[in-house]
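Me: I have a chain to look at and would like to learn how to read it. Could you take me through it feature by feature?

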Amino acid sequence: MTLCKAATASASPYIVVGCDGVAVCSFAPPPPAPQPPPTPPNPSPNPPPPRPPPPLPPPPPSPGVSPSPPPRPLPPPAPPPSPPAPPSPPGPPSPPPAPPPPSPPTPPSFAFPDTAALVALRTALGNPLYLLQQWDTALDPCTLWPGVTCLVPRTAAWPSGAGVALLTLSAAVPKMSAQIPDGAIMALFPNLTAIDIGAQAMTGDVSLITQWTSNTALIDIKLAGNLISGRLDDTTPWPASVQSIKLGSNILSGTLPSFNLSNADAAVPPLTSLDLEGNYMMTGTLPAAWSRITTLKLLNIGNMPVSGAAPPSWSALTALSVLGLFNTSVTQLSSAWSTLTNLLALNIGNNNELSPAAFPLWLRYLRQLQGLDASGSQFTGQLPLEYSALTALVHLNVSSNRAVGTLPFEWSLLVGLTLLDASDQVPQGDNRLAGPMPYVWSTLTSLATLDLSGNALSSEMPTAFALMTGLTNLQLGYNALTGRVPPAWGSLTRLELLNISNNQLVAARLPVQLSQLVRLRDLDLGNNAIAGTSPTEWSLLTNMEGLSLNDNQLTGTIPAAWTAMAKLTRLDMSGNALNGTLPADVSPLSLLKLVNLAENEFTGTLPAQWSSLNVLTSLSVASNADLTGTLPFEWGAGMAQVHTIDVRDNAALTGAVPPQWASLTLLSSLEVSGTAITNVPPAPAAAFPLPPLRPRNPPRLPGPPRAAAPPPPPAAPLSAPPPPPAAAPAPPRH
């Protein structure tokens with residue numbers, strides 16, 4: 001109220017603004033001063049009458065008489081007063097004066113010249129946690145910020161960002177999930193030569209890259225492994241200076257860009273590397289016009305549903321050193337590609353749409369090849385002995401085809417091989433290689449991985465293979481091999497994986513010499529006819545994680561010394577004739593998850609001490625006819641992770657299921673049929689998915705992986721083809 005009185009008594013404006021900027025009082029403006037009415041105009045058109053003549057002067061006075069003063073003229077009568085003008089009605093209050101425009105914010109001042117531009121990039125990327133933590137604005141970004149490399153020396157007159165040469169942000173954890181930078185942000189870095197934001201979760205349309213026109217120094221773009229969508233334009237969809245582009249494993253759609261190269265006048269992009277692998281929504285055929293990009297050294301278009309015949313014109317791409325054309329729908333390869341003599345790596349595997357044909361003999365001319373993957377592509381006939389000319393080979397994969405005949409002796413010349421895979425493990429494969437394992441292959445002393453599983457190889461295993469001392473992974477399962485494991489193989493001290501399961505081995509005992517393979521992590525001799533007792537000496541295999549001796553003719557007990565295998569997670573000795581009591585002291589084997597001792601001749605009771613196996617998930621002692629006693633209540637306190645317990649077909653097991661087992665909340669399968677056990681709780685509605693007790697397929701190799709079907713991409717347009725189905729696991733062989 002005080003503000004209102006003060007405003008009324010003074011000549012101040014009639015709006016009073018409080019401290020918070022809001023008008024708190026308003027007043028009508030004061031009335032204007034009265035004004036005389038305007039003189040109305042003379043309505044007569046005639047001029048006004050002339051004035052009367054002035055009066056005559058008075059006569060002179062008589063002598064001796066004083067003259068009297070002349071009378072004063074009377075003033076003219078005053079005009080009648082004009083009526084006062086009515087007061088003007090009050091108008092609307094005037095709006096408050098507009099506030100002055102805000103001053104532009106003062107850009108932050110940084111101690112180092114390129115910090116401001118990099119902070120703008122960080123903001124555009126949504127201020128990801130990784131960059132907020134790692135990019136400290138008080139530090140020099142050119143020397144102390146991860147992922148930033150600058151030009152040295154830097155010109156002082158350059159604007160912020162001009163000193164940045166490389167941006168490598170693919171190591172960000174947690175992953176960044178912003179839109180890829182647009183042209184305005186990228187323009188801050190005119191001297192940038194390479195950007196790597198791969199293996200993140202970046203989004204946005206690939207056309208944003210076309211806005212990077214200011215980056216005329218850019219030669220390397222890595223954006224693979226993100227969620228970038230859109231179509232690649234037939235024109236050059238990135239700055240013309242770019243030489244290497246990696247956009248693989250995104251969700252791009254459309255067809256492969258032609259770069260307008262069918263037009264003879266079109267500029268040829270200076271590409272040396274083009275990687276679009278894993279964009280499952282890109283279709284169409286292989287552009288024959290790409291043969292004009294003769295600078296290409298790496299071309300990867302695998303894991304894409306591109307189709308049609310391979311263009312013979314690509315024979316002009318003689319600079320190629322890496323070509324990936326795997327897991328596609330290509331129907332035919334071209335023998336004209338024999339001119340690609342600079343190839344170091346060629347992957348034509350898993351092309352299930354290829355018309356069945358013999359293994360391509362033109363490959364023998366690619367004498368510099370170091371890696372060749374021709375797996376799963378329906379190649380037929382014998383393995384070409386002509387491949388022995390490829391003496392630079394390091395990796396050779398011809399698995400899962402339709403190969404027949406014998407293993408070529410001539411391949412013993414490939415002494416540089418570290419991986420050789422001629423196995424058959426997928427449904428579409430039908431390798432049926434037969435005959436003996438060539439003893440002359442013992443010259444392949446550099447081999448680390450040899451996989452011949454899933455064929456029909458026969459005869460005994462060569463003792464000479466003991467010379468292949470570089471072996472770490474030997475897979476010979478699912479064949480028809482006979483005899484025994486050669487004792488000399490104890491010299492293969494680098495072996496970590498050995499699988500000779502599902503053969504026809506006949507031996508009086510397990511080979512003691514294998515105790516020398518101290519690096520062994522997984523040993524599978526299951527489904528053979530090996531007899532005898534278990535060697536105590538195997539207690540030296542302290543790196544063992546998986547041991548499968550199932551379905552043999554083993555007798556005796558499980559050696560107590562085997563508790564030295566403290567890393568053991570899987571033990572399968574089912575289907576033998578083992579006897580004696582179950583080993584009670586298993587506390588050193590605290591990592592055991594799978595135990596299968598079913599179908600043996602064990603006696604005695606179930607050991608209460610097994611409650612120490614607190615990470616056990618699956619246990620089977622089924623079909624041991626002489627087991628007696630009850631279910632140990634102690635298991636309810638220790639086996640907290642167990643999913644399945646199988647004690648069926650042990651008629652002498654009695655008693656009720658202990659109430660303490662109610663704490664086994666993950667137990668989804670309790671098999672007690674064929675016993676006298678009572679008070680069995682009902683099975684849950686949905687059983688917990690159980691891992692297999694013994695894998696029937698040999699472990700996969702650690703060499704160059706076959707193209708596996710990645711997770712399906714996000715929902716595709718209805719017109720887009722679905723991604724190819726994942727390969728099913730191989731069925732068990734018997």
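**Reading the model**

Reply: At 3% relative accessibility, L592 counts as buried (under 20% relative accessible area, with exposed over 50% and partly exposed in between, for a 1.4 Å probe and protein chains only). This is a predicted model, in which local features need pLDDT of at least 70 and side-chain atom pairs count only at pLDDT 80 or more, while totals for chains, interfaces and linings use all residues. Residues are numbered from 1 along each chain as its sequence is written, and side-chain values use heavy atoms, with hydrogens and water left out.

Me: Where is L592 found, and which residues does L592 touch?

Reply: Helices (H or I, at least four residues) and strands (E, at least two) are DSSP runs, numbered from the N terminus. L592 sits in the loop between β34 (579–581) and β35 (594–596). A contact means heavy atoms within 4.5 Å. Leaving out residues up to four places away in sequence, L592 touches L568, T569, R570, L571, L613, V615 and L616. L592 and G546 are 46 residues apart in sequence, and their C-alpha atoms are 9.5 Å apart in space.

Me: What pLDDT does the chain average?

Reply: pLDDT is the predictor's confidence in each residue, from 0 to 100. The chain averages 84, and 78% of the residues score at least 70. Over residues 1–48 the pLDDT is below 50, and this stretch has 30 contacts in the model beyond near neighbours in sequence. Residues 685–734 also stay under 50, with 96 contacts beyond four places in sequence.

Me: How many helices and strands does the chain have?

Reply: The chain has six helices and 42 strands. Of its 734 residues, 43% count as buried.

Me: Which residues of helix α2 are buried?

Reply: An α-helix has 3.6 residues a turn, so residues three or four places apart point the same way. In α2 (residues 115–124) the buried residues are T115, A117, L118, V119, L121 and R122. These pack against α3 (129–134), α4 (141–144), β3 (148–150), β4 (164–168) and α5 (183–186). After α2 comes G126, with a positive phi near 80°.

Me: Which residues other than glycine have a positive phi, and which peptide bonds are cis?

Reply: Most residues other than glycine have a negative phi, and most peptide bonds are trans. S249 has a positive phi of about 55°; S249 lies in the loop between β7 (244–246) and β8 (253–255) and is partly exposed, with a relative accessible area of 36%. E599 has a phi near 60° and is found in the loop between β35 and β36 (601–605). The bond from V152 to P153 is cis, with omega near -5°, and P153 lies in the loop between β3 and β4. Another cis bond joins V173 and P174, with omega about 0°.

Me: What does the side chain of S442 reach?

Reply: A polar contact is a pair of N or O atoms within 3.5 Å; within protein, one must be able to donate a hydrogen and the other to accept it, and residues adjacent in sequence count only if both atoms are side-chain atoms. The S442 side chain reaches the backbone oxygen of Y439 at 2.9 Å. S442 is in the loop between β22 (434–435) and β23 (449–451), and is buried, with a relative accessible area of 11%.
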